[in-house]
Amino acid sequence: MEFLSQTWHWSISGFLIGVVMLLLIYFGKTFGMSSNLRSLCSMTGVGKRVAFFDWDWKTQRWNLVVALGAFIGGFIAVTYLHDSSNVAINPNTIQQIEAMGIDAPKGKLLPDALFQDPSPYMIFILVLGGMLIGFGSRYAGGCTSGHAISGLSNLQLPSLKAVIGFFIGGLVMAHFLLPLIFNS
């Protein structure tokens, strides 16, 4: 168990992701998590009212198993394989987030400032952020995992543009919007 709970070298994860992508390409499948939300909505029958959800979700059943595996794997990792001693964050980053009133992680997965006793303002920010992420992933034609892993491995130019946009958006958020949200 100690081997599994320690931080692995990036090349191991990269190699495993590459193997999975080669298998998906071989079997003619594409990967992305946001498409599972479309499948789940389609399963409920909402496609009778909204044309976007009117499609054969059964062709993507295999991808729903991937999403279920992500939930189960996340639970196992947090419950049984979590080792807080191996989280290393740049000291400058810790100073910056503490200046905004966000506690340093110190092995925790979620900062107390966001989730311990959320104010109505923080709930509003979290809900708005979730809606923007959902809208953005559909507007971009997929999520970060779909474009960055699947799209780039298939050499799709729209995925390259989307990934560049994701990085620019992340930089704008981290350097400009996050200080505005937490210093107000």
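Me: Which residues of helix 3 meet helix 4?
Reply: Ser 35, Asn 36, Ser 39, Leu 40 and Met 43 in helix 3 meet Asn 63, Leu 64 and Ala 67 in helix 4, where contact means heavy atoms within 4.5 Å. The model is a predicted one, in which local features need pLDDT of at least 70 and side-chain atom pairs count only at pLDDT 80 or more, while totals for chains, interfaces and linings use all residues. Residues are numbered from 1 along each chain as its sequence is written, and side-chain values use heavy atoms, with hydrogens and water left out.

Me: What makes helix 3 roughly perpendicular to helix 4?
Reply: The axes of helix 3 and helix 4 (residues 61-80) come within 10 Å and cross at roughly 115 degrees. Helix 3 is therefore roughly perpendicular to helix 4, a label given to angles of 65 to 115 degrees, whereas those under 35 count as roughly parallel, those over 145 as roughly antiparallel and the rest as oblique.

Me: Why is Asn 36 counted as buried?
Reply: Asn 36, which is found in helix 3, has a relative accessibility of 3% and so counts as buried; the term means under 20% relative accessible area, with exposed over 50% and partly exposed in between, using a 1.4 Å probe and protein chains only. Leaving aside neighbours within four places in sequence, Asn 36 is in contact with Asn 63, Leu 64 and Ala 67.

Me: How do you know that the length of helix 7 is close to the expected one?
Reply: Helix 7 (residues 120-139) has 20 residues and reaches 28 Å from its first C-alpha to its last, close to the 28 Å expected at 1.5 Å a residue, the expected span being 1.5 Å times one less than the number of residues.

Me: Why can the buried residues of helix 7 be said to line one face?
Reply: In helix 7, Met 122, Ile 125 and Ser 137 are buried. Seen down the axis, the buried residues of helix 7 fall within an arc of 90 degrees, so they line one face of the helix. On the other side of helix 7, Pro 120, Phe 124, Met 131, Phe 135 and Tyr 139 are exposed.

Note on methods: Helices (H or I, at least four residues) and strands (E, at least two) are DSSP runs, numbered from the N terminus. The arc is that of the directions from the helix axis to the C-beta atoms. Axes are lines fitted to C-alpha atoms, for helices over the stretch in contact, and angles run from 0 to 180 degrees between N-to-C directions.
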